[in-house]
Amino acid sequence: MAFPLLLFLALSSLSTITHSKQINNNAGPKLTFDFYAKTCPNFEKIMEQTVTDKQINNPTTAAATLRVFFHDCMVDGCDGSVLMSSTPSNQAERDFDINQSLAGDAFDLVTRAKNALELSCPGVVSCADILVIATRNLVKIVSGPLLKIPLGRRDGLISMASHVEGNLARVSNSTNQSIKLFRKKGFTVAEMVALIGGGHTIGFSHCKEFSNRLFNFSKTSDIDPSLNPKFADRLRNLCANYKTNPSMAAFNDPITPGVFDNAYFKNLQNGLGLLSSDQALIVDSRTKPFVELFATNQTAFFEVFARAMEKTSLLDVITGQQGEVRVRCDRVNSS
């Protein structure tokens with residue numbers, strides 16, 4: 001009975017997130033679900049249309065935007081700082097090495113939404129809120145859970161590459177390192193597993209991020225033995241020229257790559273985890289029970305993921321008179 005008790009405690013700890021009209025945060029004024037009801041009444045309509053059109057034309061947008069959202073919120077909070085461009089005197093977050101692979105479709109989507117909103121209600125909607133709601137809508141479009149995300153974030157005034165390290169997990173991280181990183185941000189192990197699974201059930205990774213599992217893995221094995229042999233052979237063929245063609249990539253979920261579901265966790269059980277940090281989740285005794293749960297119970301996965309995403313969206317937000325509402329999402333208004 002130890003595992004059911006552990007699971008109950010982990011899931012019940014998520015219930016502290018409130019879904020009331022107002023959401024408390026530590027930055028003064030509160031976030032609300034109807035924040036733009038009077039100041040930008042067409043906000044939801046504009047976001048829905050812009051996001052839907054972009055996803056239809058570029059199906060990788062959902063995965064790209066989910067990743068950008070997470071990389072924004074984990075570094076200095078959900079303040080749109082990852083959207084800002086570097087200047088001659090400052091290297092911004094998006095140019096730090098771990099962020100250089102963030103896909104352009106996400107930035108293009110935010111720009112399109114911002115332009116449309118500035119025409120409808122100039123100077124009202126923050127880039128931070130645009131990114132958060134775009135992510136919410138896209139997760140739902142690709143069959144994921146409905147996320148309940150309050151609004152009222154302001155945009156940050158700084159974006160520094162030096163702030164990134166230590167706030168985002170690398171593919172080379174051990175499970176223990178990842179648990180410590182997520183715990184520092186206030187996440188449980190169950191939430192961490194759900195967030196990693198949610199981020200990798202759609203989208204792709206470049207060959208360079210997992211090539212160490214395919215070529216010269218060890219003195220005794222050229223291939224990581226935890227990989228499914230047939231899967232490894234296909235990946236080796238796909239990534240044979242990855243050094244001369246660094247754009248080569250593979251789907252994180254080879255079974256249902258465009259659908260937000262629990263196949264990612266089933267893949268781990270069958271040696272189909274693309275990244276070594278992913279496959280390690282089925283080995284560590286702290287994470288394995290949640291991989292097994294989510295593999296057999298998609299509803300449980302969706303519930304934990306949704307609550308963890310809602311928690312992510314509240315990380316160190318700024319509101320009220322703090323920060324600003326950027327006119328352009330890639331730079332502060334004074335530039």
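Tutor: Rings of Phe, Tyr and Trp (its six-membered ring) count as a pair if their centres lie within 6.5 Å; planes under 30 degrees apart are called stacked, over 60 edge-to-face, and the rest tilted. The model here is predicted, so local features need pLDDT of at least 70 and side-chain atom pairs pLDDT 80 or more, while totals for chains, interfaces and linings use all residues. Residues are numbered from 1 along each chain as its sequence is written, and side-chain values use heavy atoms, with hydrogens and water left out.

Student: How many aromatic pairs does a search of the whole structure find?

Tutor: The search gives 15 aromatic pairs. One of them joins Phe 260 and Phe 301: the ring centres are 5.7 Å apart and the planes stand at 0 degrees, so this pair is stacked. Phe 260 sits in the loop between strand E4 (249-251) and helix H9 (263-269), and Phe 301 in helix H12 (residues 298-312), so the contact ties together parts that are 41 residues apart in sequence. Helices (H or I, at least four residues) and strands (E, at least two) are DSSP runs, numbered from the N terminus.

Student: Are Phe 260 and Phe 301 buried or exposed?

Tutor: Buried means under 20% relative accessible area, exposed over 50%, and partly exposed in between (1.4 Å probe, protein chains only). Phe 260 and Phe 301 are both buried. Ring pairs also link them into a cluster with Tyr 264, Phe 265, Phe 290, Phe 294, Phe 302 and Phe 305.

Student: Which residue lies over the face of Phe 107?

Tutor: A charge sits over a ring if NZ of Lys or CZ of Arg is within 6 Å of the ring centre and within 35 degrees of the ring normal. Arg 94 takes that place on Phe 107, at 3.9 Å from the ring centre.

Student: Now salt bridges. How many does a search of the whole structure find?

Tutor: Side chains of opposite charge can pair when their charged atoms come close. A salt bridge here is a side-chain nitrogen of Lys or Arg within 4 Å of a carboxyl oxygen of Asp or Glu. The whole structure has 15 salt bridges.

Student: Where does the chain place Glu 44 and Arg 136?

Tutor: Their side chains form a salt bridge, with N to O at 2.6 Å. This pair links distant parts of the chain, since Glu 44 is in helix H2 (residues 43-57) and Arg 136 in helix H5, 92 residues apart. Glu 44 is partly exposed because its relative accessible area is 34%, whereas Arg 136, at 14%, counts as buried.

Student: Which residue forms a salt bridge with Arg 170?

Tutor: Asp 97, with the closest N and O atoms 3.1 Å apart. Arg 170 is in the loop between H5 and H6 and Asp 97 in the loop between helix H3 (61-73) and helix H4 (104-120), so distant parts 73 residues apart are linked. Both partners are partly exposed: Arg 170 has a relative accessible area of 25% and Asp 97 one of 43%.

Student: How many residues apart are Asp 108 and Arg 112 in helix H4?

Tutor: They meet in a salt bridge of 2.8 Å, N to O. The two are 4 residues apart in helix H4, which means a separation of about one helical turn. Asp 108, at 27% relative accessible area, is partly exposed, and Arg 112, at 43%, is also partly exposed. Through shared partners, salt bridges join Lys 54, Asp 105, Asp 108 and Arg 112 into one network.

Student: Which residues make the nonpolar surface patch of about 260 Å²?

Tutor: Patches take residues with over 30% relative accessible area and no salt bridge; like charges are joined within 9 Å, and nonpolar side chains (Val, Leu, Ile, Met, Phe, Trp, Tyr) within 5 Å. Areas come from the Shrake-Rupley method with a 1.4 Å probe, and for residues only the protein chains shown count as cover. Leu 157, Ile 158 and Met 160 make this one. Met 160 belongs to the loop between helix H5 (127-141) and helix H6 (175-184) and, with 31% relative accessibility, is partly exposed.

Student: Where do Leu 102 and Lys 243 lie?

Tutor: Leu 102 is in the loop between H3 and H4 and counts as buried at 9% relative accessibility. Its C-alpha is 10.0 Å from that of Ala 63, a residue 39 positions away in sequence. Lys 243 is in the loop between helix H8 (229-238) and E4 and is exposed at 69%. Lys 243 and Lys 208 are 35 residues apart in sequence, with their C-alpha atoms 7.7 Å apart.

Student: How many helices and strands does the protein have?

Tutor: There are 12 helices and 4 strands. The radius of gyration, 20 Å, is close to the 20 Å that the globule rule gives for 335 residues, so the protein is as compact as a globular protein of that length. That radius is taken over C-alpha atoms, and the rule is 2.2 Å times the number of residues to the power 0.38. The C-alpha trace spans about 60 × 50 × 35 Å along its principal axes, and 52% of the 335 residues are buried.
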